Amino acid sequence: MSINQELSNIISNLDDNSLLNNSLQIKELLYSGAVLDDALSETLFVSSVELLEKIKTNPNDYTISNEQIAAINNIISKMELSFMDLE
C-alpha cells in the first residue's frame, strides 16, 4: 500500500479519538511525502485545529502526551504550508 493510500485510509474515518491515536503516524506520513486530495487535506486540517481547541478548552477531558500535541501542531503547520503551495 502506498503512503498516500495509507494516509487516506486513516483520514477517511477521522474523529477525535482516531486523530489522537494516529497523530504520530499521520505526521510521519505527511513528512515522508504523502499527498492528499483537497477534500482530505481540508478534513485533516479542520479536524486538527478543532481538536487542539477542544484540548486547550478542556484539557482534563483528554489523555494526551506532549508528543501527540506536537504531532498535531506539526500536522496543522504542514497543512498550512500545503494550502499556501496551492495559491
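**Helix packing and ring contacts in the predicted model**

Helices α2 and α3 pack at an angle of about 125 degrees, with their axes 11 Å apart; axes are lines fitted to C-alpha atoms, for helices over the stretch in contact, and angles run from 0 to 180 degrees between N-to-C directions. That angle makes α2 oblique to α3, given that angles under 35 degrees count as roughly parallel, over 145 as roughly antiparallel, 65 to 115 as roughly perpendicular and the rest as oblique. Helices (H or I, at least four residues) are DSSP runs, numbered from the N terminus. The model is predicted, with local features requiring pLDDT of at least 70 and side-chain atom pairs counted only at pLDDT 80 or more, whereas totals for chains, interfaces and linings use all residues. Residues are numbered from 1 along each chain as its sequence is written, and side-chain values use heavy atoms, with hydrogens and water left out.

The crossing of α2 and α3 is left-handed, a term applied if the near helix is turned anticlockwise from the far one by less than a right angle (right-handed if clockwise). In this pair, Asp 16, Leu 19, Leu 20, Ile 26 and Leu 30 of α2 meet Leu 44, Ser 47, Ser 48, Leu 51, Lys 54 and Ile 55 of α3, contact being defined as heavy atoms within 4.5 Å. The residues of this contact comprise seven nonpolar, two polar and two charged; Ala, Val, Leu, Ile, Met, Phe, Trp, Tyr, Cys and Pro count as nonpolar, Asp, Glu, Lys and Arg as charged, and the others, Gly among them, as polar.

Helix α1 (residues 3–12) packs against α3 (residues 38–57) at about 55 degrees, with the axes 10 Å apart. This makes α1 oblique to α3, and the crossing is left-handed. Ser 8, Ile 11 and Ser 12 in α1 meet Leu 40, Thr 43 and Leu 44 in α3, a set divided into three nonpolar, three polar and no charged residues.

The axes of α1 and α2 (residues 16–31) come within 10 Å and cross at roughly 150 degrees, again in a left-handed crossing. Here Ile 3, Glu 6, Leu 7 and Ile 10 in α1 meet Asn 22, Gln 25, Ile 26, Leu 29 and Leu 30 in α2. Six nonpolar, two polar and one charged residue make up this contact.

With regard to rings, the charged end of Lys 78 sits over the ring of Tyr 31, 5.0 Å from its centre; the criterion is NZ of Lys or CZ of Arg within 6 Å of the ring centre and within 35 degrees of the ring normal.

Methods. Helices (H or I, at least four residues) and strands (E, at least two) are DSSP runs, numbered from the N terminus.
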